[in-house]
Amino acid sequence: MLGVEMTRFFGTPADVHVGQQFIDRRELHDAYVHRPLQAGISGTAAEGADSIVVSGGYIDDQDNGDYILYTGHGGNDRGTRRQIADQSPTATGNAALITSMVNGFPVRVVRGAHKKSAYAPLAGYQYAGLFTVSNYLTHPGRDGFLIIQFRLDRLAEQPPLVTRGPAESDPAFATTTVSRRVRDSALSREIKAQYGHSCQVCGTAVPASGDRLYAEGAHVRPLGRPHLGSDSILNILCLCPNHHTQLDFGGMVILDDMSVAPTKTLKPFAELTWRRGHRIDAENAAYHRALWVQAVQESLETSAA
């Protein structure tokens with residue numbers, strides 16, 4: 001590689017974190033997470049691959065969270081997503097991943113929204129962290145053509161993986177590894193005080209140290225990209241930790257009449273209680289419901305297949 005000017009950055013860019021959401025490829029490009037606006041592999045044979053996007057575009061891909069079997073570039077029909085020709089290890093993207101394997105370069109992995117993986121986001125793109133290319137094989141894929149399949153293993157000592165996982169109605173279902181931060185804004189503190197720290201679903205006020213009571217301010221439409229929920233009283237509920245977890249992880253949704261139901265059945269099990277001057281916007285509830293009802297349906301379809 002003598003004489004080659006190395007300009008590619010290997011690693012996580014400043015101000016980017018595991019689990020960060022991006023609306024589209026332009027945002028990924030602008031944040032230096034994945035620079036190509038179309039290609040799934042960023043890199044060259046001389047420099048190596050600095051990033052890839054896993055978006056379910058190849059039938060032989062397997063996303064297992066901490067490791068990914070990633071189909072290389074080439075021979076794929078964009079319309080049907082079927083393999084129609086052999087792949088070559090000398091194709092630019094494939095050669096780049098092989099160079100990264102040989103040199104031990106870390107590869108940024110981005111997951112795009114698709115139904116084949118529980119680790120994929122519900123919308124847009126999500127940064128999954130740094131992986132290494134462990135090995136690769138050339139073998140016939142499911143469509144009968146030769147594919148280059150790479151194994152990528154997630155580097156240790158990174159924040160936990162983010163997964164939407166299968167949604168359940170039992171609050172104990174949230175045992176999957178998920179990175180979640182309880183957001184506590186001035187507005188959420190105001191609403192918790194208004195309800196005396198009692199959950200709007202079950203009425204529970206969790207005793208804490210001394211005479212203190214504990215509750216959580218729950219944003220119905222998630223904050224940040226790609227959801228762009230607002231930090232306003234029209235988007236915040238006062239919930240106990242169990243029901244906040246159910247809401248965040250899709251175990252329950254809010255129906256149009258403001259009753260609460262398990263996502264699987266959509267049969268109400270409780271009515272939200274309200275204090276004077278506080279309501280949430282029905283559009284925020286509908287947005288949250290659409291996200292998780294879709295996820296449950298996809299999970300059931302996958303189980304039945």
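Which residues of helix 4 (residues 241–248) are buried?

## Helix 4 and the residue after it

In this predicted model, the buried residues of helix 4 are H243, H244, T245, Q246 and L247. Just after helix 4, G250 adopts a positive phi of about 85°.

## Salt bridges of R8

The structure holds 8 salt bridges. One of them joins the side chains of R8 and E47, with an N to O distance of 3.1 Å. R8 belongs to the segment before strand 1 (21–22), whereas E47 sits in the loop between strand 2 (41–44) and strand 3 (48–54), so the pair ties together parts that are 39 residues apart in sequence. E47 is buried, its relative accessible area being 7%, while R8 is partly exposed at 24% relative accessibility.

R8 also forms a salt bridge with D50, and here the closest N and O atoms are 3.3 Å apart. Because D50 lies in strand 3 and R8 in the segment before strand 1, this pair connects parts that are 42 residues apart in sequence. D50 is buried, at 3% relative accessibility.

## The D256–R289 pair

A further salt bridge links the side chains of D256 and R289 at 2.8 Å, N to O. D256 is located in the loop between strand 13 (252–254) and strand 14 (259–262), and R289 in helix 5 (residues 282–304), so the pair ties together parts that are 33 residues apart in sequence. D256 is exposed, with a relative accessible area of 61%, whereas R289 is buried at 15% relative accessibility.

## Shared partners

Methods: Residues are numbered from 1 along each chain as its sequence is written. This is a predicted model: local features need pLDDT of at least 70, side-chain atom pairs count only at pLDDT 80 or more; totals for chains, interfaces and linings use all residues. Side-chain values use heavy atoms; hydrogens and water are left out. Buried means under 20% relative accessible area, exposed over 50%, partly exposed in between (1.4 Å probe, protein chains only). Helices (H or I, at least four residues) and strands (E, at least two) are DSSP runs, numbered from the N terminus. A salt bridge is a side-chain nitrogen of Lys or Arg within 4 Å of a carboxyl oxygen of Asp or Glu.
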